[in-house]
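Good morning, everyone. Let me walk you through one model, helix by helix. Please have a look at it first.

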Amino acid sequence: MNNTDTQSKNPFDVFVIGARKGWNIAVNNMIPNVLMAFAIAHILDLLGVLNFMSVIFGPVMGIFGLPGQAVMALLTAWLSLSAGVGMAVSLAGQGLLNGTHLTILLPAMVLMGSQLQYMGRLLAVADVKKKYWPLLMLTSILNAVIAMFIMRILA
């Protein structure tokens, strides 16, 4: 008897099982990352790092119609997409980002999100030669830059 014979085919049971799995993912993975992003954003703001980043990255981010602080959401998303979303929401809550800024940022965040996490999880498991890793990372970042240009035009 295989595993599929013992599982219910009832759509309601399948839904409940899926909902439980989704809840566990949200509680164990996403919420801690988002809370961490809020805490980091607050600490960086208290230390003056957000203002410093705004001055340093303001000209580059201005090309995309974004304030300099938006780079924090991109950098955080590069590490963890859910933390990057938390950072973007935190910056929006502080009034540093608005709806147009988020519209420009979010596709880029998704295109390059969680690269650092996935580098080991996917590329190593797939046995991709390490000499190709930088090119793969750069391709995602280039896609994100292109997406920000497109979204700036559309937003």
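Is the crossing of α6 and α8 left-handed or right-handed? The crossing of α6 and α8 is right-handed. A crossing counts as left-handed if the near helix is turned anticlockwise from the far one by less than a right angle, and as right-handed if clockwise.

A word on the ground rules. This is a predicted model, where local features need pLDDT of at least 70 and side-chain atom pairs count only at pLDDT 80 or more, while totals for chains, interfaces and linings use all residues. Residues are numbered from 1 along each chain as its sequence is written, and side-chain values use heavy atoms, with hydrogens and water left out. Helices are DSSP runs (H or I, at least four residues), strands are too (E, at least two), and the numbering starts at the N terminus.

Back to our pair. Two packed helices are described by the angle between their axes and the distance between the axes. For α6 and α8, the angle is about 160 degrees and the axes are 8 Å apart. That makes α6 roughly antiparallel to α8. The axes are lines fitted to C-alpha atoms, for helices over the stretch in contact, and angles run from 0 to 180 degrees between N-to-C directions. Under 35 degrees is roughly parallel, over 145 roughly antiparallel, 65 to 115 roughly perpendicular, and the rest oblique.

Who touches whom? Contact means heavy atoms within 4.5 Å. On the α6 side, the contact includes Thr-103, Ile-104 and Pro-107. On the α8 side, Ser-140, Asn-143 and Arg-152 are among the residues. By class, this contact has 11 nonpolar, 3 polar and 1 charged residues. Here Ala, Val, Leu, Ile, Met, Phe, Trp, Tyr, Cys and Pro count as nonpolar, Asp, Glu, Lys and Arg as charged, and the others, Gly among them, as polar.

Next, α5 (residues 81–93) and α6 (residues 99–112). Their axes come within 10 Å and cross at roughly 170 degrees. That makes α5 roughly antiparallel to α6. The crossing of α5 and α6 is right-handed. Leu-81, Gly-84, Val-85, Ala-88 and Ala-92 in α5 meet Leu-102, Met-109 and Val-110 in α6. The classes are 7 nonpolar, 1 polar and no charged residues.

Now a new angle. The axes of α3 (residues 49–62) and α4 (residues 70–79) come within 8 Å and cross at roughly 90 degrees. That makes α3 roughly perpendicular to α4. Phe-57 of α3 and Leu-74 of α4 are among the contact residues. The contact has 9 nonpolar, no polar and no charged residues.

How many residues of α4 are buried? It is 7 of the 10, so α4 is largely enclosed by the rest of the structure. Buried means under 20% relative accessible area, exposed over 50%, and partly exposed in between (1.4 Å probe, protein chains only). Thr-76 is one of the buried residues in α4.

Last, two loop residues. Most residues other than glycine have a negative phi. Ser-114 has a positive phi of about 60 degrees. Ser-114 sits in the loop between α6 and α7. At 4% relative accessibility, Ser-114 counts as buried. Asp-127 also has a positive phi, near 60 degrees. Asp-127 lies in the loop between α7 and α8. At 67% relative accessibility, Asp-127 counts as exposed.
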